[in-house]
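Colleague: I would like to learn how to read salt bridges and strands in a model. Where do we begin?

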Amino acid sequence: MVNAGNNIGRVGTIVNREKHPGSFEIVHIKDKAGHTFATRLQNVFVIGTGGKEWISLPKGNGIKLSIIEDRNLRMAKNKK
């Protein structure tokens, strides 16, 4: 789970960790939707192992929707 930075609130599996001596360490994360993103190691908080979370997640499970997907979801919700 990412707890700071531009990717705050996103949840995924750590794919790779880049070590940069004298600079920030970068972690590459892949979410359940298949999107890959990178953030600093200090912004990552581990909440489980493998694909299993140790805590319950809010609705959306930490998957960031694109602008179009979010708009369609809101319109469908308001249409009901």
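Modeller: With a definition: a salt bridge is a side-chain nitrogen of Lys or Arg within 4 Å of a carboxyl oxygen of Asp or Glu. This is a predicted model. In helix α1, the side chains of Asp-70 and Arg-74 meet in such a bridge, at 3.2 Å from N to O.

Colleague: How many residues apart are Asp-70 and Arg-74 in helix α1?

Modeller: They are 4 residues apart, about one helical turn. Asp-70 is partly exposed, with a relative accessible area of 26%, and Arg-74 is exposed, at 55%.

Colleague: How many salt bridges does a search of the whole structure find?

Modeller: The search finds 3. One of them joins Asp-31 and Arg-10, with 3.4 Å from N to O. Asp-31 lies in the loop between β2 and β3 and Arg-10 in the segment before β1, so this pair ties together parts 21 residues apart in sequence.

Colleague: Are Asp-31 and Arg-10 buried or exposed?

Modeller: Both are buried; the word means under 20% relative accessible area. Arg-17 forms a salt bridge with Glu-25, where the closest N and O atoms are 2.6 Å apart. Arg-17 is partly exposed, at 44%, and Glu-25 is partly exposed too, at 23%.

Colleague: What is the order of the strands in the sheet?

Modeller: The order is β1-β2-β3, in an open sheet of 3 strands with antiparallel pairing. β1 (13–18) and β3 (36–40) are the edge strands, each pairing on one side only. From one strand to the next, the twist averages 25 degrees.

Colleague: How many bridges join β1 to β2?

Modeller: There are 5. Glu-18, for example, has Ile-26 in β2 as its bridge partner.

Notes: Residues are numbered from 1 along each chain as its sequence is written. This is a predicted model: local features need pLDDT of at least 70, side-chain atom pairs count only at pLDDT 80 or more; totals for chains, interfaces and linings use all residues. Side-chain values use heavy atoms; hydrogens and water are left out. Two strands pair if DSSP finds at least two bridges between them. Helices (H or I, at least four residues) and strands (E, at least two) are DSSP runs, numbered from the N terminus. Axes are lines fitted to C-alpha atoms, for helices over the stretch in contact, and angles run from 0 to 180 degrees between N-to-C directions. Buried means under 20% relative accessible area, exposed over 50%, partly exposed in between (1.4 Å probe, protein chains only).
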